[in-house]
Amino acid sequence: MASISNAFSLSLPSNRIANSSSDFNPITSALSLRVNKPAKVSLFGLDSGEFSPGRVAVSKPSGIGGRICANATPVMDQPVGEKSSGAPTIVEVDLGNRSYPIYIGSGLLDQPELLQNFDRHVHGKKVIVVTNTTIAPLYLDKVVEALTKGNTAVSVEYVILPDGEKFKDMDTLMKVFDKANESRLDRRCTFVALGGGVIGDMCGFAAASFLRSVNFIQIPTTVMAQVDSSVGGKTGINHPLGKNLIGAFYQPQCVLIDTDTLDTLPDRELASGLAEVIKYGLIRDAEFFEWQEKNMEKLIARNPNALAYAIKRSCENKAEVVSFDEKESGLRATLNLGHTFGHTIETGFGYGQWLHGEAVAAGTVMAVDMSYRLGWIDSSIVKRVDDILLRAKLPTAPPETMTVEMFKSVMAVDKKVADGLLRLILLKGPLGNCVFTGFLLIEVHCRSLVPSCNVSIYDKPIKIKHIY
Amino acid sequence: MACATNAISLSLSSNPNSKLSSDFIPKLNKPVNVSLRASTSAELNPGRLFLSRPIGLSRRNCANATPVMDQSVGERSSSVPTIVEVDLGNRSYPIYIGSGLLDQHELLQKHVHGKKVLVVTNTTIAPLYLDKVVDALTKGNPNVSVENVILPDGEKYKNMETLMKVFDKAIESRLDRRCTFVALGGGVIGDMCGFAAAAFLRGVNFIQIPTTVMAQVDSSVGGKTGINHPLGKNLIGAFYQPQCVLIDTDTLNTLPHRELASGLAEVIKYGLIRDAEFFEWQEKNMEKLMARDPDAFAYAIKRSCENKAEVVSLDEKESGLRATLNLGHTFGHAIETGFGYGEWLHGEAVAAGTVMAVDMSYRLGWIDSSIVKRVNDILQRAKLPTAPPKNMTVEMFKSVMAVDKKVADGLLRLILLKGPLGNCVFTGEYDRKALDDTLSAFCKS
């Protein structure tokens, strides 16, 4: 591998932007991504007034004639998340003939017909479950049972990978291919991702590449995976120089979210997933954010109804964005709020040191700080973001050892860079609005956050055309 | 700690006026379909060139031949290239065929949309053509900068370890989603570069510049990319189409004879599975092909690409028809894997595999002995093997064939000939005894 030790040099344009927004040309205001709210579905009759807006309304985004993505028939008797095998909530990801359902509910792994639904999900005779050393002892047997119960035609292999972000690499991925080949799996087989985001991303990419692609199913077992990474088709592995630099856009046949799996999730991982939940509120769903402000302690206390609602609402938001812009030519990039800074933390500090959500939380604070410095949001939003992250027990600053250099060098290989131009997601306007915009140059000052790390904006944003 | 702690040099665009577009989908101009130049030799130009339209399909002709009377394809002058279109709706792309195309920089530059290019090539090809390609990419085009990565040459390097070198170079060079990869080499390079492009940042554009007969008539067209696994050929990869294929027939001038013959196995294949007329033309012109007659070669390449393009347009992801392009490949891949990657060239293995498939078809009573003879004859004239290596055993064949990608739920499906010349079937329904007999006939044990 060639060395990357050239000294960092940057030519700086001489026009600094003053803090005053009058100096700043809000070219991008025309581009602010004001996506209409996702279809709201009523909460199943609950006594708590806090999270039941009590109405079923399907708001169609203006100008878009697509069908509604989220589809939930209200069941009046059972709240989502009750620990009984009820009918799952289903959120549909609308991608034409590649559409697929997200099933959400308690005890879904005890409903073999869901997974075995031959018309849709498991088509061939062989399945390989990809999981890790933490999850296997907890849920592997249950999944194998769900796949094979009353179904002698299906045989299930499995491969157990080491647990953690630092194993999300090519060496570990090859273990999946080795096992699949040794087991003589063919093109009609199905891969099953049973685990968190790392497992989901790796299994998805393995399925995309094995024999030039085979079907796969997501069974996410962490909040992070249930609210975000298992939906939408982004798969891949890390490279030493950056997160997710190798992978594929590849959609699953379905996503099966058994909320009972969160019972065994450690607190730290649970909080990590909440960073993504908070993100949806900030970029497109103010009402959801307000609900979170009211219910954060319930979420941290793992109230099943609160978690179930948060998962469902997150999936609805994600599904809608993915349906509009699957391959990220514009809108989908907004899901990356906090991630440019966040990925830098993960890469610079070392994969696995901070969980992805922790890095995203700190990155969100930095993005919010930058939005505020640009004069695009007012201080109340800054405060609300800080507060909610603190209540979620998430970091609000990067690790102290992060330097400007580290940020610059890793951000340079962010996938949102286009022809050398770094593009970021920033907040703009009232809560629930964001922009995806480009900068010729970013130098990062976080005076108030980290003494050694500074952020300021040097140049005007450049107008970016989006297609959506 | 990740090595990103080292400071890294970064060159940013200093042109604030540069136009930016987030449109990742390149706008392909519809290529002008250009005729095959009529030549004085009647053998080359049967007087008509058309693709037989499948019944029920209203697709446009991929190849359009309006005779041009003056220049023959392959004349060593910079002439208008022949263009064969691969019709995949808004992912359609052209195959340019001609002599001296690498000197026509506007052809390549038309398909490069971002500012950075990564040329993926190998130790054999780099000294011969890398400079020419870099020149073609940058001539009159100061905005584009070109990196390159030079891989070791050969099938045995078509693996994950070698592939990682491409990713390493791309990432170190700070390539982003608007970059273009360029595959400059034979089938191994094309497959690896294509898969790297499919997976880098979850998908970037790429261009094929094939430099062998094998790649020019087959592997650079159609989007099958990938690498080998120790247990089998091409078990990891992606269906991923290029922006264009640029076939400069002059590159064959430096191709060794063994490689040239290897590519002819695929040319012969097209005749057998779907183009009897092409097969008859080959029977008449095989010595010309072996003598590297430029006109003969240009025609063989064009006709092969037309066949390939049509099949791919109809069945891109191989749910049926496309599998017919695998005639001889189930046995052939078993030879490559069993004997050792790189020992026999792909085409040599396909040739032996074709003989075995033909033998099996005959044993099944699906073809008559005249076809068996014609196949054997033409392969011998092409100086290709007509039997697998002596140390292949029945066991080796069976174990590798078990992981062939055409296996479906445990059922091995094969491409066999059936009926008059130019007809084949893709089937799992055949008498297993015929397969056993064929394997026993060709293997010692």
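B:Lys269 is in contact (heavy atoms within 4.5 Å) with B:Asp218, B:Leu325, B:Leu327 and B:His329, its neighbours within four places in sequence being left aside. This is a predicted model, in which local features need pLDDT of at least 70 and side-chain atom pairs count only at pLDDT 80 or more, while totals for chains, interfaces and linings use all residues. Residues are numbered from 1 along each chain as its sequence is written, chains are lettered from A and ligands numbered from 1 in the order in which they are written, and side-chain values use heavy atoms, with hydrogens and water left out.

**B:Lys269**
- B:Lys269 lies in helix 6 of chain B, residues 257-274 (helices are DSSP runs of H or I with at least four residues, strands runs of E with at least two, numbered from the N terminus).
- With a relative accessible area of 1%, B:Lys269 is buried (under 20% relative accessible area, exposed being over 50% and partly exposed in between, with a 1.4 Å probe and protein chains only).

**Cysteines**
- There are zero disulfides over all chains, a disulfide being a pair of cysteine sulfur atoms within 2.5 Å.
- A:Cys203 is in no disulfide, the nearest cysteine sulfur being that of A:Cys189 at 9.8 Å, and A:Cys203 is buried at 0% relative accessible area.
- A:Cys254 is likewise buried, at 0% relative accessibility.

**Annotated domain**
- An unreviewed UniProt entry annotates residues 263-407 of chain B as "domain: 3-dehydroquinate synthase C-terminal"; UniProt positions follow the numbering used here, feature names are shortened, and annotations may be inferred rather than shown by experiment.
- Residues 263-407 of chain B are 68% helix and 0% strand, with their end C-alpha atoms 26 Å apart.
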